[in-house]
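Visitor: Could you walk me through this protein, please? I would like to go residue by residue.

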Amino acid sequence: MTSLDDLPVRADLRGKSPYGAPQKAVPVALNVNENTHQIPENVARDIVQSLAVAVLGVNRYPDREFGQLRASLASYLGHGLTGDNLWAANGSNEVLQQVLQAFGGPGRSLLGFDPTYSMYPLLADGTGTRWIGAPRDADFELSPETAVAAIREHDPDIVFLCSPNNPTGTPLSIDTIEAVYDAARGMVVVDEAYAEFAPDGTPSALTLLPGRDRLMVSRTMSKAFAFAGVRLGYLAAAPAVTDALRLVRLPYHLSALTQAAAVAALRHSDEMLAMVDDIRQQRDRIVSRLGELGYRPYRSESNFVLFGGVRDPHAVFEALLERGILVRDLAIDGCLRVSAGTEAETTAFLDALADVDSTA
Ligand SMILES: *Cc1c(COP(=O)(O)O)cnc(C)c1O
């Protein structure tokens, strides 16, 4: 058998590992920050009706510029945005890859603040962009001063800011984002995959878009919107920026079925987001209970909690798995990450963790 090492794989990809969050059939999966609530049945029915219409047209290629979807996304986001400001692809991972294809590549660099979303360095590798992981402040926070110092030091072509940050959950202030934009010479992406879980009234980076042509704000339907299986991510930016992404996207990259499903779901955005309040309550419950159990949860404005004070993360991960609960071991010293599930799933996790503690 030929192994990977025998193949003429690009030299800069040799020895790298693919994205590999375990996909296991367990009763309680709280490891990839999905919305664990099903979408409402009446919305599912409306989506199926839209799919039934769309499927009759699949002998033709889909709308390459996905105009209806862009308009739907613009009206969902508000902030005076129109379809020209919107871009979408099969998950925000693909959107971010297209950003790197258009603005990064060989000889160019991407800076982010570690620990951050594990896909950023992988997307950099795949596009031949050099990844620069800059440090954060204590407790994984990021002040304007620390962020600006890293940009002055490295002068990157692109900056990815994750707000709130995955895997730490920590929010990012608008002041830090503004300071990064002012200090950076290149493109700045604010990845707001978890924005809907922030406290009501938290300003989005969307408020900074007017007059800032190098800024992009990326979002996804995978998390709060409970639509991870459909694969739909999007970003808002100046029309020239979304135009630039057309240079690198594959023709007809968004299938007619994806477009129809997303447009139908966006017609029901209030119902699709109905569980966000409950998920925030479960997150807050995790934070307070973890504190009682003697762990050290970090500040979270997302739908997951990173907690420290775990003596042997790998052993606790395995002990939870034996009890049917899957969490995330990110190889951050003394830490594990858990997504906020339904009330029952969250209870199952907290009870299992207390049980692991008492038997460890
Ligand atoms: C989950 C996640 C995404 C979303 O990925 P999709 O490809 O849209 O499913 C993007 N950014 C971060 C930081 C995430 O955690």
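Here are some questions and answers about it.

Guide: This is a predicted model, where local features need pLDDT of at least 70, side-chain atom pairs count only at pLDDT 80 or more, and totals for chains, interfaces and linings use all residues. Residues are numbered from 1 along each chain as its sequence is written, and side-chain values use heavy atoms, with hydrogens and water left out.

Visitor: Is arginine 283 buried or exposed?

Guide: Arginine 283 sits in helix H10, residues 276–292 (helices are DSSP runs of H or I, at least four residues, and strands are runs of E, at least two, numbered from the N terminus). Buried means under 20% relative accessible area, exposed over 50%, and partly exposed in between, with a 1.4 Å probe and protein chains only. Arginine 283 has 6% relative accessibility, so it counts as buried.

Visitor: Which residues does glutamate 141 touch, leaving out those up to four places away in sequence?

Guide: Glutamate 141 lies in the loop between strand S4 (130–134) and helix H5 (144–154). At 22% relative accessibility, it is partly exposed. Contact means heavy atoms within 4.5 Å. By that rule, glutamate 141 touches Arg136, Thr170, Pro171 and Arg299.

Visitor: What is the relative accessible area of valine 55?

Guide: Valine 55 belongs to helix H1, residues 41–55. Valine 55 counts as partly exposed because its relative accessible area is 43%.

Visitor: What separation do the C-alpha atoms of glutamate 141 and asparagine 165 have?

Guide: Glutamate 141 and asparagine 165 are 24 residues apart along the chain. Their C-alpha atoms are separated by 9.2 Å.
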